Amino acid sequence: MDIDLITQVLFAAIKTGTPLLFIALGEAICEKTGVLNLGQEGMMLMGAVVGFMAAYATGNAGMGILGALLIGMVMSLIFGFLVLHLGANQVATGLALSIFGGGLSAFVGSSVVGQTITGFQPIEIPVLSDLPVIGKVLFSHDPLVYLAIVMAIIISFVTNKTRLGLTIKAVGENPHAANAIGIKVLKVRYLAVMFGGAMAGLGGAYMSLVYTPMWVENMTAGRGWIALALVVFASWRIGNIVLGAYLFGLASIMHLVLQGMGWSISPNLLAMLPYVATIVVMVIISADKYKEKLLAPRSLGKPFDPRQMA
Amino acid sequence: MKLKSLLVGLGLLAGIGGAHAADDPFKVGFVYVGPVGDLGWSYEHDRGRQELEKFFGDKVETTFVENVPEGADAERVITQLAKSGNDLIFSTSFGFMNPTLKVAKRFPNVTFEHATGYKRSKNMGTYVLRTYEGRYVSGVAAGLLTKTNTIGYIGSFPIPEVIRDINSAYMAAKSVNPDVKIKIVWVNSWYDPGKETDAANALMDQGVDVLLQHTDSPAPLIAAEKRGARAIGQASDQSSFAPKAHIFSVRDDWAPYYIKVTQEVMDGTYEPKDFWGGFHEDMLSLASINENLPTDVRAKIDETYEKIKSGEFKPFTGPIKDNKGNIVVAEGHSLSDEELAKVNWYVEGITDEIPR
């Protein structure tokens, strides 16, 4: 493998990992407040279709992003209302949201199937993009790739270093205690759910505006589910999520590159590679300390009713 | 369109239909594996259905169920279609083979037609496209257009149909460009735009400048357009996705067959058989051949197409050696349809192994 190919592979790995990163970051915040939203795939598809339609109608990819953010939030509000307001089962509601989003996106998007748009153009960051290898791998992407990285840094800072981060943690670990000290638990959870929705919408828009600038039914092909698994394997740590997303991207690319180089391995085995590699690495980095098991937000999946005591 | 399939489903549940009187329209049901909006396989079957309705007008009434998973669900859907008074049912994916056969035994008065399979009965026939014919013309174009002498092939699953087409494309490319090499990548899916993009990029990273695909989304075309490479559209006219990169699309057209079979069943002349349709039957065509092709390439494309269409040339005519040196097609012999359905070797010159 020569250096050019390695550069290309790493460059592609970052692109492939980016939609997963958006969704996993949003879901991580959501889960940190104790809400498990399995509706990522549905929100992502809605983000993809609405983002594409907005970009198609206005001729402006930026409007597509805005549309995707908004529809992601709307979808998550449906979920939020059902589980936070009415106390519905989070797992069942999330699954329903995924199925609903899949069907609705196909219905809404039927008019733009086969249309094309010009998506985002790559931005080469001056000076940095001239660096050998790293310049191409890290600094000559489209704007959303940078946005994902910036978001990861911000989220990591907020959750670890700020009062807001503590609030999120308190709500996720012990909502009753948080309630007792005056934190509005449902409000925090609503905002976290909406943030998750917006990020899922963004992940979807990345697929339909940047990755493959088009809309076709079910184009996300299960990436929402992969992102959900990623959050768990990364034990809700932002750094691990970033690593996991790009690692998954790398493994997905590698199995295609190796085939092109003439490796004769069963494609079934190769198709498993990204999943196996990601799971193995994530298990290794979170296995050595037994307390990592306790990293799951303690109230995850449990409805909160301020009138009841824990 | 989802709404429509929902309504169809509800109609089926309510048991609309039943025995039909003589002046009722002839009812034809379709079962699709994907969404009609996939802009590929299921989309083209549905276009065939629409043409069928247009052709017969009031005399024929069609219904379809889309997104039917291959397996137990398929049997339920096909049974419901048979129960609700359809006279003829087309099931359009390989995985519907056994469910269709089962239902066909239970409903001897209904005619069943299954696409791409090999099991038949007294009221069930099969039909398939000679996609390798389109692939041969694609290979000629690819062989002439590649500057790096490396063409790329994105495969779905290593089944005989796909392997046969890879052979066809490579033999064609080699016939016009003896130095050409082929790189094959399997994505293990019929339809995953993201993965198809990755595969296209992985191939282009390794020097491929013309892409062929046996997967259904236009994603590889878009990837090729972005990087100044060239690609060929699959199953339907995908030219709009890549105005510069698009060479042509090999388009499926099921309408002639759907009209023919419907007429036969209405007339009572139907006999179940294994039907193969290609250029000659106008069930495959070259759509939107790009204006930007050099004239000699264009001429060679047209010439190859005409030769195959007229039957003058058959791609799998011996002598053909596999890549282990065995003669797989003897001199002077052209593979029969039955033999074509069983191709499980790569031709000489393909350095890969077929994944097992």
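User: Where is Pro319(B) found?

Analyst: Pro319(B) sits in a loop of chain B, between helix H10 (295–310) and strand E13 (320–321). Helices (H or I, at least four residues) and strands (E, at least two) are DSSP runs, numbered from the N terminus. This is a predicted model: local features need pLDDT of at least 70, side-chain atom pairs count only at pLDDT 80 or more, and totals for chains, interfaces and linings use all residues. Residues are numbered from 1 along each chain as its sequence is written, and chains are lettered from A and ligands numbered from 1 in the order in which they are written.

User: Is the peptide bond that joins Gly318(B) and Pro319(B) cis or trans?

Analyst: The bond joining Gly318(B) and Pro319(B) is cis, with omega at about 5 degrees. Most peptide bonds are trans.

User: Is phi of Ser235(A) positive or negative?

Analyst: Positive: phi of Ser235(A) is near 40 degrees, and the residue is not a glycine. Most residues other than glycine have a negative phi. Ser235(A) belongs to the loop between helix H10 (223–233) and H11 of chain A.

User: Why are H6(A) and H7(A) called roughly perpendicular?

Analyst: The axes of helix H6 (residues 143–161) and helix H7 (residues 163–173) of chain A cross at roughly 75 degrees and come within 5 Å. The axes are lines fitted to C-alpha atoms, for helices over the stretch in contact, and angles run from 0 to 180 degrees between N-to-C directions. Angles under 35 degrees count as roughly parallel, over 145 as roughly antiparallel, 65 to 115 as roughly perpendicular and the rest as oblique. Therefore H6(A) and H7(A) are roughly perpendicular.

User: Which residues make the contact of H6(A) with H7(A)?

Analyst: H6(A) brings Val158(A), Thr159(A), Asn160(A) and Lys161(A), and H7(A) brings Leu164(A), Gly165(A) and Ile168(A). Two residues are in contact if their C-beta atoms, placed from the backbone, lie within 7 Å. By class, the residues are three nonpolar, three polar and one charged. Ala, Val, Leu, Ile, Met, Phe, Trp, Tyr, Cys and Pro count as nonpolar, Asp, Glu, Lys and Arg as charged, and the others, Gly among them, as polar.

User: What makes chain A as compact as a globular protein of its length?

Analyst: The radius of gyration of chain A is 20 Å, close to the 19 Å that the globule rule gives for 310 residues, so chain A is as compact as a globular protein of that length. The radius is taken over C-alpha atoms, and the rule is 2.2 Å times the number of residues to the power 0.38. Chain A has twelve helices and zero strands. Its C-alpha trace spans about 60 × 50 × 45 Å along the principal axes.

User: And how do you know that for chain B?

Analyst: Chain B has eleven helices and 14 strands. Its radius of gyration is 21 Å, close to the 21 Å of the globule rule for 356 residues, so chain B is as compact as a globular protein of that length. The C-alpha trace of chain B spans about 65 × 45 × 40 Å along its principal axes.

User: How is chain B divided into domains?

Analyst: Domain 1 takes 2–129, and domain 2 takes 131–251 + 284–340. These bounds come from an automatic or database domain assignment. The C-alpha centres of the two domains of chain B lie 31 Å apart. Eight residues of domain 1 and nine residues of domain 2 form the contact. Helix H2 (residues 41–56) of chain B gives the most to the domain 1 side, with three residues.

User: What does the contact between the chains take from each?

Analyst: Chain A gives 37 residues and chain B gives 35 residues. H11(A) supplies the most on the chain A side, with six residues. That side has 20 nonpolar, 15 polar and two charged residues.
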